[in-house]
Amino acid sequence: MKNGKRGKVVSYNKWGYIFLIPFIVVYLVFQFIPLITTVVNSLYENYRSGLTQIGPNFIGFENYVSILKNKDLWTYTQNTLIMWVMGFVPQILVSLLLGAWFSNPSLKLKGQRFFKTVIYLPNLIMASAFAMLFFTLFSDSGPINSILVQLGIFDQPFKFLSNIWSTRTLVALMNFLMWFGNTTILLMAGMMGVDTALFEAAEVDGATSSQVFFKITLPLLRPIMVYVMITSLIGGLQMFDVPQILTSGTGDPMRSTMTLIMYLNRHLFSKNYGMAGALSVLLFIVTGILSVIVYKMTNGKEE
Amino acid sequence: MKRKLLSVLLAATMVTGMLTGCGGTTEEQTGGQTPAESTSSAGNTEADAPAAGNEETPAADDAEAPAVGEGEGKVLNIYCWNDEFYRRVRDHYPGYTEVDTTHGTIGDVSVVWNITPNADNAYQNNLDETLLKQADAATDDKIDLFLIEADYALKYVDTEYTMPVADLGITESDLANQYQYTKDIVTDSNGVLKGVSWQGCPGVMFYSREVAKEVFGTDEPSEIQNYVKDWDTFNETAKTLKDAGYQIASSANDTYRVYSNNVTSKWVVDGKINIDANIMKWVEDSKALVDAGEIGTHTLWSDDWSKGFYPDGKVFAYFGPAWLVNFSMAADKEGSIGNLGGWAATEGPQGFFWGGTWICAAAGTDNASLIKDIMLQLTTNEEIMKGIVVKDDDFVNNKPAMNAMAEDASYSSKILGGQNPLAMYCAGVESLDLSNLSIYDQGCNEEFQNAMKNYFDGNTDLDGALDLFYKAVVEKYPELTY
């Protein structure tokens with residue numbers, strides 16, 4: 001009798017393990033094993049020239065040395081960060097504004113649901129399709145140029161994609177358009193979590209709406225802001241599809257829009273798993289550090 | 001504790017179950033390996049046998065009828081990147097029966113078309129992976145026949161993954177009527193011919209008759225040739241055209257092939273990247289033209305590049321082979337220059353070629369005699385080849401046939417305003433010298449044009465652009481130095 005009871009309790013545990021199996025297996029096969037093989041690959045010289053396989057030969061940290069010695073890596077990091085900042089700053093500003101409007105009950109905004117859907121829509125389009133669209137719109141004889149010329153703003157078509165800053169701006173603009181809806185929804189959730197009693201109290205004390213925003217909403221929003229910022233930075237470091245399609249993989253002009261992952265992708269033409277692996281591991285370390293920061297920030301608060 | 005053990009055991013059995021699932025298939029594959037190898041070697045010896053027979057009696061016409069050798073594989077796997085070759089086989093190969101767009105039959109052999117588009121190197125990636133596994137694949141899964149393009153031909157030809165056509169039983173005299181350059185491209189470093197093509201793609205310069213009349217007072221090809229007979233004259237003509245409001249060509253990339261087909265050294269010499277003098281001449285000439293506003297810098301096939309297909313684009317000329325003007329220059333669109341028959345052809349400064357598709361037999365195929373027959377029928381049978389010219393407007397790889405048609409006054413091109421350009425193509429194709437190809441051509445040509453666009457656009461100086469080129473090439477081919 002006693003044994004039977006104990007058996008029942010334990011049998012629930014058994015189900016726990018069984019339900020965990022799919023996750024563990026998927027994790028091992030698609031995340032953990034690739035992670036380990038990437039690290040292992042990064043220690044080998046391993047590429048293909050035409051149909052001739054070269055390697056794998058163990059060369060220790062030589063791949064890391066040649067990547068870190070290469071000045072271009074810093075250029076690509078810089079490119080990535082510049083384009084991320086150019087997209088992130090307007091993104092966070094617009095999102096804050098929209099979030100504040102949407103979550104402010106006294107404004108009684110009509111059609112909130114509609115606008116929330118609309119601002120999220122660009123995120124549903126594939127980034128590559130979006131980049132193709134921009135590529136066509138901003139080509140030398142594209143619609144944007146013909147509008148600008150016909151309005152008399154330019155005498156002759158402006159070569160958007162042959163100019164460093166206009167190309168970077170286009171990439172940033174696309175990232176902004178794609179992600180500000182997502183950020184708005186995150187920030188709004190944070191704002192709605194703020195105790196309404198605080199807003200009411202402030203109002204009773206005669207605070208203006210901008211005072212409420214800067215003195216109450218923003219400080220209480222800090223953990224969410226940090227979260228948004230770090231996740232966006234991690235996403236930004238992995239920026240790939242938009243500049244890749246917009247510049248057909250060249251990162252032109254003069255590789256000023258070449259991001260780290262685009263650089264990684266270039267090694268895959270020759271199936272250069274060694275170099276690409278080393279670059280991935282470096283990126284993994286940076287992203288790992290950033291994740292730890294988020295974890296500390298969000299968890300430290302509760303303690 | 002016991003229960004814990006039990007659950008761990010359960011979990012372990014489930015995982016092992018999954019893994020054995022994977023293991024099972026590999027076992028099957030390795031199990032299938034032995035018969036695959038034995039049959040393929042058997043196929044090879046059989047391929048040799050009819051080859052020997054053929055040399056003795058080349059006039060054995062009835063030998064052609066049974067295309068399929070006895071005991072050969074029942075599946076013919078063809079790898080290609082579009083439906084061009086598929087349509088040639090369907091329309092012109094005797095005995096091909098269509099099942100659906102990716103399957104057909106020849107006799108009792110079923111033909112499987114494996115079509116992977118070229119975009120983003122997808123075709124080559126797929127082909128590489130399959131070829132590298134060729135030795136271990138089951139007989140019916142092996143690639144039997146695949147197609148290649150000139151830019152990367154040597155990458156495949158210079159390996160043991162392609163079969164010498166002589167091993168299929170095709171003799172030099174069988175191919176005597178083919179243009180030499182089509183053989184040069186698919187000859188490996190030991191001088192062994194590894195593929196054949198049914199088409200030739202000699203290029204000429206297509207210019208707008210209307211612009212020619214306006215600027216030079218004539219649209220007669222022989223007169224216009226005087227204005228573009230060499231690069232110096234070409235560049236001076238560009239100035240005349242610019243003053244009249246036209247660009248001599250849409251993009252600097254248009255003339256690239258003309259220069260790069262006339263080099264005297266290879267892209268890579270002893271593992272070191274080497275830029276030929278004629279390529280540097282392209283850079284120099286193009287930079288001058290671009291700076292003077294006499295030519296654009298658009299990427300080929302972009303919308304900006306295609307503007308000149310219409311009169312409003314203000315472009316004088318394009319460089320290309322017959323297929324360019326026939327199929328790619330909007331001839332079917334109302335209002336385009338081609339639609340109005342407004343182009344004319346002339347040789348231009350130098351001879352060149354663009355495009356073309358070669359047929360290769362994959363080593364390890366079990367359909368050698370069928371492949372031999374397909375190659376012979378499509379690339380040497382004059383009747384079939386004439387049919388291709390008439391039906392598909394191809395320039396076929398057959399000297400007598402093309403020379404005859406060049407003199408045929410009844411053949412004229414509507415797009416070229418009634419001109420018969422074949423004589424020009426024939427002349428251009430004879431002068432081609434392609435002894436300076438290397439396996440790095442595709443990557444080098446692409447990256448060179450990409451890098452130089454930055455120089456032409458004024459984003460960097462020449463050294464910066466060359467640096468960019470070297471960097472990009474070394475990324476693609478890590479074994480090279482500069």
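I'll take chain A, then chain B.

One caution before the details: this is a predicted model.

Let's begin with the domains of chain A. Chain A is split into domain 1, residues 2-58, and domain 2, residues 68-300. The C-alpha centres of these two domains of chain A sit 33 Å apart. How many residues of domain 1 of chain A are in contact with domain 2 of chain A? The count is 10 residues from domain 1, in contact with nine residues of domain 2. On the domain 1 side, two elements of chain A give two or more residues each: helix 1 (2-41) and strand 1 (44-49). Strand 1 of chain A has the largest share of that side, with six residues. By class, this side of domain 1 of chain A has three nonpolar, five polar and two charged residues.

Stay in chain A for a helix pair. Look at helix 7, residues 164-192, and helix 9, residues 209-237, of chain A. Their axes come within 9 Å and cross at roughly 140°. Angles over 145 degrees would count as roughly antiparallel. Helix 7 and helix 9 of chain A are therefore oblique to each other. The crossing of these two helices of chain A is right-handed. Which residues of helix 7 and helix 9 of chain A make the contact? Helix 7 of chain A brings A:Thr183, A:Leu186, A:Leu187, A:Gly190 and A:Met191. Helix 9 of chain A brings A:Thr217, A:Leu221, A:Ile224 and A:Val228. This contact between helix 7 and helix 9 of chain A has six nonpolar residues, three polar and no charged.

Now chain B. Chain B has 19 helices and 15 strands. Of its 482 residues, 44% count as buried. Take the contacts in chain B between residues at least 6 apart in sequence: 76% of them join residues at least 24 apart.

Chain B also has two assigned domains, each written as two segments: domain 1 is 63-200 + 356-397, and domain 2 is 202-354 + 408-476. The C-alpha centres of these domains of chain B are separated by 30 Å. Here 13 residues of domain 1 of chain B are in contact with 16 residues of domain 2 of chain B. On the domain 1 side, helix 4 (153-157) and helix 6 (180-185) of chain B each supply at least two residues. Helix 6 of chain B gives the most, with three residues. That side of domain 1 of chain B divides into six nonpolar, two polar and five charged residues.

That's my tour.

Notes. Residues are numbered from 1 along each chain as its sequence is written. Chains are lettered from A and ligands numbered from 1 in the order in which they are written. This is a predicted model: local features need pLDDT of at least 70, side-chain atom pairs count only at pLDDT 80 or more; totals for chains, interfaces and linings use all residues. Helices (H or I, at least four residues) and strands (E, at least two) are DSSP runs, numbered from the N terminus. A residue is buried if 20 or more other C-beta atoms lie within 10 Å of its own, exposed if 12 or fewer, and partly exposed in between; C-beta atoms are placed from the backbone. Two residues are in contact if their C-beta atoms, placed from the backbone, lie within 7 Å. Domain bounds come from an automatic or database domain assignment. Ala, Val, Leu, Ile, Met, Phe, Trp, Tyr, Cys and Pro count as nonpolar, Asp, Glu, Lys and Arg as charged, and the others, Gly among them, as polar. Axes are lines fitted to C-alpha atoms, for helices over the stretch in contact, and angles run from 0 to 180 degrees between N-to-C directions. Angles under 35 degrees count as roughly parallel, over 145 as roughly antiparallel, 65 to 115 as roughly perpendicular and the rest as oblique. A crossing is left-handed if the near helix is turned anticlockwise from the far one by less than a right angle, and right-handed if clockwise.
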